[in-house]
Amino acid sequence: MVATFPGDEALGSALLDLLPAEPCALSLRRFPDQESYVRVLAPVADREIVVSCTLVHPDPKLVPLYLLCRTLRQLGARRVLLATPYLPYMRQDRAFHPGEALSAQQLAGWISGFVDGLATVEPHLHRIARLDEIYTIPYVAVSAAAAIAGWLREQVARPLLVGPDAESRPWIEALAQHLGCASVVLHKIRHDDQHVEIALPDLPQQTDCTPVLVDDIISTGGTLRAAIQHLRSAGLAPPVCIGVHALFGREVEDALRSVGAARVVSCNSIAHPSNAIDIRPDLAAALRALLSRPR
Ligand code: R5P
């Protein structure tokens, strides 16, 4: 059964079709005092439940998610899997300043305590190399490379893949392998949330190519803005910008276009006007793989 969080109806109904599964009706709302009310409206004893909840802007969702998953277990569900195409808090993976929370680790410990498995898409892995360093439950981390490669094959004739920073190397290499095209990875220094500096290495001599910047997350747009400016001043064509997870607002897209982005598109891991690349079939396949493992 698929239990869908409010706001995740498109993902929930895609999973119902793709798995396939039956819906698990819920009532989730806020009490007048803003505490969470959670009620499971379907019989779930001995059923396997996928909770579809995209943890973008996660803080208000985490308490109802916790209450729901614990309740499903209390009602006898055999297994509770979390499908969150975007896995939050992964960027705060170390204490950059004394006293800072290790948010990635703390959240992973908490979530591992109340679900039996996790399916997600392209989690931000940098200083943490694999999710099982911090999550103690079975998981599948879907790569977005195949879906992005499929889109690029149809939309961009001669791509030159550009990764904005060292973290992007794994997915740039995976994509270059899918497409058999040239790639380059830039060097980024982040000064704070809003300010980044990018250094440009020697670019491949491919002047007739369309640069395609690929990042896992677009948030303030600072990373891509700096990268676009460098590519444009090096004489390259206006780049296509692809973000797996679209955490940005309209003003960020306008800013990217104003410095020279030809297009800004994203995967539908987070519902967003820029969505162009469908990762839901891959997420459903990941869930099927988790469900086929013995409990
Ligand atoms: C961080 O290293 C990520 O891979 C992204 O480059 C970063 O989160 C993008 O954030 P922003 O759009 O705020 O520069």
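Contact here means heavy atoms within 4.5 Å. Helices (H or I, at least four residues) and strands (E, at least two) are DSSP runs, numbered from the N terminus. This is a predicted model, in which local features need pLDDT of at least 70 and side-chain atom pairs count only at pLDDT 80 or more, while totals for chains, interfaces and linings use all residues. Residues are numbered from 1 along each chain as its sequence is written, and side-chain values use heavy atoms, with hydrogens and water left out.

Start at helix α1, residues 9-18. Its buried residues are Leu 11, Gly 12, Ala 14, Leu 15 and Leu 16. Buried means under 20% relative accessible area, exposed means over 50%, and partly exposed lies in between (1.4 Å probe, protein chains only). An α-helix has 3.6 residues a turn, so residues three or four places apart point the same way. The cover over the buried residues of α1 includes strands β1 (2-4), β4 (48-52) and β5 (79-83), along with helix α8 (280-292).

Now take the helix pairs. Two packed helices are described by the angle between their axes and the distance between the axes. Axes are lines fitted to C-alpha atoms, for helices over the stretch in contact, and angles run from 0 to 180 degrees between N-to-C directions. Angles under 35 degrees count as roughly parallel, over 145 as roughly antiparallel, 65 to 115 as roughly perpendicular and the rest as oblique.

The axes of α1 and α8 lie 10 Å apart, at an angle of about 60°. The two helices are therefore oblique to each other. The crossing of α1 past α8 is right-handed. A crossing is left-handed if the near helix is turned anticlockwise from the far one by less than a right angle, and right-handed if clockwise. From α1, the contact uses Ala 10, Leu 11, Ala 14, Leu 15 and Leu 18. From α8 come Arg 280, Pro 281, Leu 283, Ala 284, Leu 287 and Arg 288. By class, this contact has 9 nonpolar, no polar and 2 charged residues. Ala, Val, Leu, Ile, Met, Phe, Trp, Tyr, Cys and Pro count as nonpolar, Asp, Glu, Lys and Arg as charged, and the others, Gly among them, as polar.

Helix α2 (residues 59-74) packs on α3 at about 25°, with the axes 9 Å apart. That makes α2 roughly parallel to α3. Leu 62, Val 63, Leu 65, Tyr 66, Cys 69, Arg 70 and Arg 73 of α2 meet Leu 107, Trp 110, Gly 113 and Phe 114 of α3. The contact of α2 with α3 divides into 8 nonpolar, 1 polar and 2 charged residues.

Asp 116 sits between α3 (103-114) and β6 (117-121). Its relative accessible area is 11%, so Asp 116 is buried. The side chain of Asp 116 makes a polar contact with the side chain of Arg 73, at 2.7 Å. A polar contact is a pair of N or O atoms within 3.5 Å; within protein, one must be able to donate a hydrogen and the other to accept it, and residues adjacent in sequence count only if both atoms are side-chain atoms. Beyond four places in sequence, Asp 116 has contacts that include Arg 79, Val 80, Leu 81 and Arg 295.

Ser 269 lies between β14 (263-267) and β15 (275-277). Its side chain reaches the backbone oxygen of Val 244 at 3.2 Å. Ser 269 also touches Thr 54, Pro 85, Tyr 86, His 245 and Ile 279. The C-alpha atoms of Ser 269 and Ile 279 are separated by 6.7 Å, with the two residues 10 apart along the chain.

Last come the backbone exceptions. Most residues other than glycine have a negative phi, and most peptide bonds are trans. Leu 19 and Pro 20 are joined by a cis peptide bond, with omega about -15°. Pro 20 belongs to the loop between α1 and β2 (26-30). Gln 34 has a positive phi of about 80°. Gln 34 is in the loop between β2 and β3 (36-40) and counts as exposed at 52% relative accessibility. His 57 has a positive phi of about 45°. His 57 is in the loop between β4 and α2 and is exposed at 62%.
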